[in-house]
Amino acid sequence: MSGDHHDPGWNFPLAGERSAVRTAPVLYTPVGDLGTLRQRLLDAAKGKRGDAWKTIRKAAMGERLLSLHDGPQDPSAPVALGVDEYLSKQVIWTLAADPTLRDVPPAEIAQAFAPSLAILRADALEAKRPNPDLWTPEHFSAKWIQATEKSRAKEAASDDFIAKITALTKANAERETPAVVQIADRFFVLDDRDPECVTYLPTKGVSLRELCRNVWPQSETMRANVLDIEGESKRRPMATAEIVETYGRAVQTLAYEFAAEAPYLDDLTLVLPTRQRPGSKADAIEGVEDREVAQWLATLDPTDGILDWIAFAHPRHCARSSPALALMGASHIGKSLLAHALALAVGMPRATDLARAFGQFASALTFGPILFADEGIPRHRMTQVPLTEEVRKLITDSHHLIEGKGSDTPIHLRGAVRVVLAANSRERLFPGTYNAHDVAALMRRLYVLSFEDEAQAAEAKAAQERLGHGEGDIERLRRVARHIVWIQETRKISGPPAPQSSGLDRDLRRGSDVAKAAIEAMEAGIPADWIGVKDRVLWVQPGTLSMRCATTPQALARALGAYTVETSKQHRTNPLTGATDAARTRWTGLNVELLRTDGVQV
């Protein structure tokens, strides 16, 4: 670039800019034992997918790496050259990028691959392919030295960049020049005008120059010296490419993080906080204890478990998952008030609709960790089937991939969400019939508060009415949010609250009308010749029981799925007595302990 503009001390290349290949020496550490080295290769490849790791596992066992006829290749190049390029770029570079293997001496890594390379050379001679000497231990050693030195050089450059931008971020109060981070065709400009809050402002390339001028209006370093046709030096504003070349650095990944207080770089990843920065300090929610809010929360959960759930909903705890808070039964007790106040307390304008966390584009997850589903979990847009499994996975996951609109690069989201579920009945919250696995999986992910007691529901309704004048009362919402912030600042917790069902597991097992009818029939007494208990299993003939319930055996079997421990095939042997039956019969074994837990005496 022309001119002699001020250099702030951190020149970085444009994204995609090619520069001379540099290497850095690697200090190799002898392994000394071929068996130990092969085990290290297997340990590094354990659980990893992809053709490169599959080839590495084969090499550790001394097996054939790949077939010349089927191996990776450029269709226009000879087969042998295609295989050599695959081994170089995929296998050797995959190993060289692994810090646990990079220090293996070239001769030793070549020795580990020698048996497989010998098979590959033999295949080449048999197939009369050219250049079988490509896959010798000496050739492999030379490739290994080149790959490890280049890999170490890339890592050193990355460490240097991170150190520089970290130092600049810490010294933001004294700096007048912008720091530009480029990801593909997007740019993030470091805005450090407020020493208490360093932020990155996203922009496109066409707007980068104008944004930099607005952020640093007095910065002369945003101008470049150029020579006019008469050879005189003049200053003009920098072009976009010049800004990025001088003050920018390309990174590979964009990630959001619930726990992040300010933007930072993690290796070659730009990490942004998900919470929205208030427009002014007056907008910030400060923690204030409120006795009436505390009384309302006590009516929702007299055990104070809800206070632990609220404290653990702070973003600083989002590295660990927490059971979803399920508020079931009774209307007008403040279920949505609690969800939106939780969101406001962590910097979100309101809780994100849980349905927006699913689908092709789930960028709403980056708004913050608080998700809310009113009157039941979301359903599939086409089939209308409740997204039970998707909700369970979302509750426990701490890493999410989000597809951005108009971009092929996924956005990473770090942290576990906090889900609030609300419904006036079990049927609205979790519709349908569930088997034993589904019920058990749900109960491990839920903290359920049920308001079936009319006195408790009336008390909760009266307590929340004392807080304000209805759902549109912004001051009431801020009042609850301030108390929530106070809880999160003062309550000491060691971990997430333990799941609790409050009877929801029993309701799900007895959820359908068919299941209720079958249980009532069993409670009323069933003829002993077709029902009985053996080894804590209640054996039933669905065909006979379904007649009592006015339904089909198949529908009955599905309805009782939450109790079923075993279903026999049709045969003539009685599972209770071992005697031979006159006709083939299908028996269903039900869990006696679960039935007794749910009030069925057998």
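**Close-up views of a predicted model**

**View 1. Ser 502, in the loop between α15 and α16.** The model shown here and in the other views is predicted. Most residues other than glycine have a negative phi. Ser 502 is not a glycine, yet its phi is positive, at about 50°. Is Ser 502 buried, partly exposed or exposed? Its relative accessibility is 38%, so Ser 502 counts as partly exposed, because that class lies between the limits of 20% and 50%.

**View 2. Gly 495, in the loop between α15 (474-490) and α16 (504-509).** Gly 495 has a relative accessibility of 14%. Buried means under 20%, so Gly 495 counts as buried. Which residues does Gly 495 contact, once its neighbours within four places in sequence are set aside? They are Phe 312 and Arg 320. Asp 308 can also be located in this view: 187 residues separate Asp 308 from Gly 495 in sequence, while the C-alpha atoms of the two are 8.5 Å apart in space.

**View 3. His 332, in the loop between β10 (324-328) and α10 (335-345).** His 332 has a positive phi, near 60°, and is a residue other than glycine. Its relative accessibility is 53%. Exposed means over 50%, so His 332 counts as exposed. His 332 is also one of the residues touched by Gln 464, the subject of the next view.

**View 4. Gln 464, in helix α14 (residues 454-465).** The relative accessible area of Gln 464 is 9%. Gln 464 is therefore buried, the limit for that class being under 20%. What does Gln 464 touch, not counting residues up to four places away in sequence? The list is Trp 296, His 332, Ile 333, Gly 334, Leu 337 and Arg 476. With Arg 476 there is a polar contact, made between the two side chains at 2.9 Å.

**View 5. The largest cavity and its lining.** How many cavities of 30 Å³ or more are there? The count comes to 2. The largest cavity holds about 50 Å³ of space. Its lining is made up of Asp 84, Leu 87, Ser 88, Ile 92, Leu 117, Leu 134, Trp 135, Thr 136, His 139, Phe 140 and Lys 143. Sorted by class, the lining has 6 nonpolar, 3 polar and 2 charged residues. Two helices, α3 (79-96) and α5 (137-170), each supply at least two residues of this lining. Which element gives the most? Helix α3 does, with 4 residues.

View 6. The protein has 602 residues, and 47% of them count as buried; Gln 464 and Gly 495 are among the buried residues. Of the contacts with a separation of 6 or more, 67% are between residues 24 or more positions apart. The protein exposes about 30,300 Å², and carbon and sulfur atoms supply 50% of that area.

Terms used. Residues are numbered from 1 along each chain as its sequence is written. This is a predicted model: local features need pLDDT of at least 70, side-chain atom pairs count only at pLDDT 80 or more; totals for chains, interfaces and linings use all residues. Side-chain values use heavy atoms; hydrogens and water are left out. On a 1 Å grid over the protein atoms alone, a cavity is a set of points where a 1.4 Å probe fits but cannot get out, and a pocket is an open set with protein on both sides within 12 Å along at least five of seven lines; lining residues have an atom within 4 Å of a point. Grid points are joined across faces, edges and corners, and a volume is the space filled by probe spheres set on the points. Ala, Val, Leu, Ile, Met, Phe, Trp, Tyr, Cys and Pro count as nonpolar, Asp, Glu, Lys and Arg as charged, and the others, Gly among them, as polar. Buried means under 20% relative accessible area, exposed over 50%, partly exposed in between (1.4 Å probe, protein chains only). A polar contact is a pair of N or O atoms within 3.5 Å; within protein, one must be able to donate a hydrogen and the other to accept it, and residues adjacent in sequence count only if both atoms are side-chain atoms. Contact means heavy atoms within 4.5 Å. Accessible areas come from the Shrake-Rupley method with a 1.4 Å probe; for residues, only the protein chains shown count as cover.
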